[in-house]
Amino acid sequence: MTELPTTTAKKMGLVIDLDTCVGCHACVISCKGWNTENYGAPLSDQDAYGAAPSGTFLNRVHSFEVQPKASPAQPDPAAQLIHFPKSCLHCEEAPCVTVCPTGASYKRVEDGIVLVNESDCIGCGLCAWSCPYGARELDLAEGVMKKCTLCVDRIYNENLPEVDRVPSCVRTCPAGARHFGDLGDPDSDVSQLVAERGGMDLMPEMGTKPVNKYLPPRPKDKLEEQIDILAPLLAPVTEEPGGFLGWLDKALDRLPGQSSSQSSGGSN
Amino acid sequence: MHPAPSVILFTTLSGLGFGLLAFLGLGYPAVTGGVAFVFYVIAYALAVGGLLASTFHLGHPERALKAFSQWRSSWLSREGLCAVAALLTMGLFALGAIFLDQHWRILGLLGAGLSLATVFTTSMIYTQLKTIPRWNMLLTPVMFLSFSVAGGALLAGQERLSIWFLLAASAVQLAYWVKGDQAFAASGTTMETATGLAGGGSVRAFEPPHTGSNYLLREFVHVVGRKHAMKLRVLALGFGFILPVLFMVLPVDSSLIKHLMAAFAVLSHLIGIAVSRWLFFAQAEHVVGLYYGRR
């Protein structure tokens with residue numbers, strides 16, 4: 001039934017840390033790897049080794065350049081590069097579910113995961129039209145709509161070791177930029193993280209109430225401070241030479257004439 | 001949005017067909033026998049042909065029957081039900097008119113209502129989408145209905161009426177273009193809200209997630225058709241409304257020429273509406289394009 005549940009027992013979802021994502025695309029590859037051989041139809045590629053390759057992906061990583069505004073403290077701030085993974089946000093008010101004419105799209109009452117029953121999907125594409133986030137892609141080989149399942153076949157899978165019972169993208173992320181949990185529970189780790197870091201919704205004006213949250217990037221360090229990190233390493237180990245060298249140094253200093261300033265750790 | 005020929009064909013033809021059915025149901029003209037047969041063949045060919053064309057873009061047309069099940073939430077499902085109800089009701093009405101020389105008034109009114117409801121539900125499929133600001137306007141259903149009524153009047157041979165309806169539809173068309181051009185900016189959705197990254201600064205798409213194209217770009221970021229938008233608008237207005245009105249007001253005596261003029265008017269109107277419908281899709285910008293720095 002494509003009417004949305006009024007409430008869901010849990011709100012399982014992802015928290016994506018834009019501050020730590022390094023843009024390696026490992027989540028993209030592991031997502032495609034797991035989902036092409038598990039739940040539902042495989043994720044096909046078209047012209048994979050040809051001139052114009054394309055394919056179905058449930059998770060894609062964009063990269064954005066953010067130019068912060070100039071301020072008195074930072075008159076000429078450096079641009080920041082933000083890597084931006086994007087997949088289904090498992091919205092509470094999922095427009096993709098209500099537009100579906102066949103009932104193939106549904107939101108689960110028990111955990112809020114939005115899924116597609118592929119044997120009911122007629123491939124009309126209307127759900128993809130209604131999604132502001134581009135989370136749904138029609139598989140060209142199979143003619144059905146594909147989307148993130150939050151790895152529904154991993155997270156409850158007792159055949160897997162407990163550590164693996166998270167979405168494939170979360171398990172794979174080498175930077176720890178992806179977190180999985182119940183966002184409906186205010187005491188859960190993910191909810192705490194969202195509260196602490198000011199987690200945000202994408203396109204809140206669309207009224208979709210996404211479950212997935214994004215943690216904004218922290219401001220970057222200043223360039224000068226970064227170079228200072230090396231300064232102690234470059235400074236001379238002994239500031240004042242002692243013993244015979246110390247006497248020689250002082251004696252030479254007393255001689256008339258220009259002597260070059262003492263070498264220091266400063267670099268040019 | 002990608003202007004899929006099947007969907008353009010569907011909305012153009014079925015809009016016209018259901019418009020004609022609405023007029024026939026209302027009794028304009030109150031035809032019977034052989035003449036009625038010709039009218040109903042044209043109306044059903046347009047309406048059913050359009051509906052069939054719309055199934056061409058489905059990934060699994062063989063499962064199309066399932067699309068009747070979700071009328072409680074889905075406008076696409078409601079459209080399917082309305083279309084079938086309208087075709088069945090008007091089918092019964094047509095049988096009475098063709099074979100029994102009868103006009104069952106209530107049935108005709110019901111059929112006319114259902115025909116217009118079908119056009120309305122079609123328009124709501126597009127209107128409901130917040131993701132496409134140019135469609136998410138009150139003027140979208142007004143435009144679909146006014147086109148359907150104008151085209152229906154033209155096909156039903158309502159000379160006087162069709163001129164007024166055509167003029168009204170052209171005014172709606174102009175208003176739709178003016179309002180539509182401002183819709184994306186008015187929606188308030190920007191790259192900043194899409195990414196949440198602004199923080200007082202500016203955001204620029206640096207790298208897309210993939211080197212090639214994908215389903216999203218092919219379906220939602222179609223910029224080719226917009227290049228000639230202004231010329232196409234002039235063509236749509238000229239063929240869709242101005243020429244048909246001219247054909248209808250030309251003073252002619254012979255009935256043969258009159259029929260010929262009416263045929264020209266219908267043909268011209270059909271071309272104009274198809275061009276307008278092409279623009280309806282090609283100029284519609286989906287907010288997902290913002291993630292790619294394109295629209």
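**Exercise 1. The core**

Solution. Start with the term: a nonpolar core is a set of buried Ala, Val, Leu, Ile, Met, Phe, Trp, Tyr and Cys residues joined through C-beta atoms within 7 Å. Next, burial: a residue is buried if 20 or more other C-beta atoms lie within 10 Å of its own, exposed if 12 or fewer, and partly exposed in between, with C-beta atoms placed from the backbone. The two residues are L20(B) and L21(B). Then list what L21(B) touches, leaving out residues up to four places away in sequence: A43(B), A47(B), A86(B), M90(B), G111(B) and S115(B). Touching, or contact, is set by C-beta atoms, placed from the backbone, that lie within 7 Å.

A note before going on. This is a predicted model: local features need pLDDT of at least 70, side-chain atom pairs count only at pLDDT 80 or more, and totals for chains, interfaces and linings use all residues. Residues are numbered from 1 along each chain as its sequence is written, while chains are lettered from A and ligands numbered from 1 in the order in which they are written.

**Exercise 2. Chain A in outline**

How many helices and strands does chain A have?

Solution. Define them: helices (H or I, at least four residues) and strands (E, at least two) are DSSP runs, numbered from the N terminus. Chain A has nine helices and eleven strands. Of its 268 residues, 41% are buried. Now take the contacts in chain A between residues at least 6 apart in sequence: 62% of these join residues at least 24 apart.

**Exercise 3. The sheet around β1(A)**

In what order do the three strands of the open sheet that contains β1 of chain A stand?

Solution. The order is β10-β1-β11 in chain A, with mixed pairing. Two strands pair if DSSP finds at least two bridges between them. β10 (178–182) and β11 (213–215) of chain A are the edge strands, and each pairs on one side only. Neighbouring strands are turned by 25 degrees against each other on average, direction ignored.

Take one side of β1(A). Strand β1 (residues 12–17) of chain A runs antiparallel to β10(A), and five bridges join them. G13(A) has G181(A) as its bridge partner. L14(A) stands opposite F180(A).

Axes here are lines fitted to C-alpha atoms, for helices over the stretch in contact, and angles run from 0 to 180 degrees between N-to-C directions.

Then the other side. β1(A) and β11(A) run parallel, joined by three bridges. There I16(A) has Y214(A) as its bridge partner.

**Exercise 4. The faces of β1(A)**

Are the two faces of β1(A) covered or uncovered?

Solution. Recall a rule: in a regular strand the side chains alternate between the two faces of the sheet. On one side of β1(A) lie M12(A), L14(A) and I16(A). On the other lie G13(A), V15(A) and D17(A). They are all buried, and both faces are covered.

**Exercise 5. Where the chains meet**

How many residues of chain A are in contact with chain B?

Solution. 52 residues of chain A contact 47 residues of chain B. On the chain A side, the elements that give two or more residues are β4 (59–67), β5 (80–87), α3 (126–130) and β8 (137–138). β4(A) gives the most, with eight residues. The chain A side divides into 30 nonpolar, 14 polar and eight charged residues. Here Ala, Val, Leu, Ile, Met, Phe, Trp, Tyr, Cys and Pro count as nonpolar, Asp, Glu, Lys and Arg as charged, and the others, Gly among them, as polar.

**Exercise 6. A sheet from both chains**

Which strands form the open sheet that includes β1(B)?

Solution. The order is β5(A)-β4(A)-β1(B), with antiparallel pairing. β5 of chain A and β1 of chain B are the edge strands. The twist averages 35 degrees from one strand to the next. β4(A) pairs with β5(A) over eight bridges, and V61(A) has P85(A) as its bridge partner in β5(A). E65(A) stands opposite R204(B).

Notes: Two residues are in contact if their C-beta atoms, placed from the backbone, lie within 7 Å.
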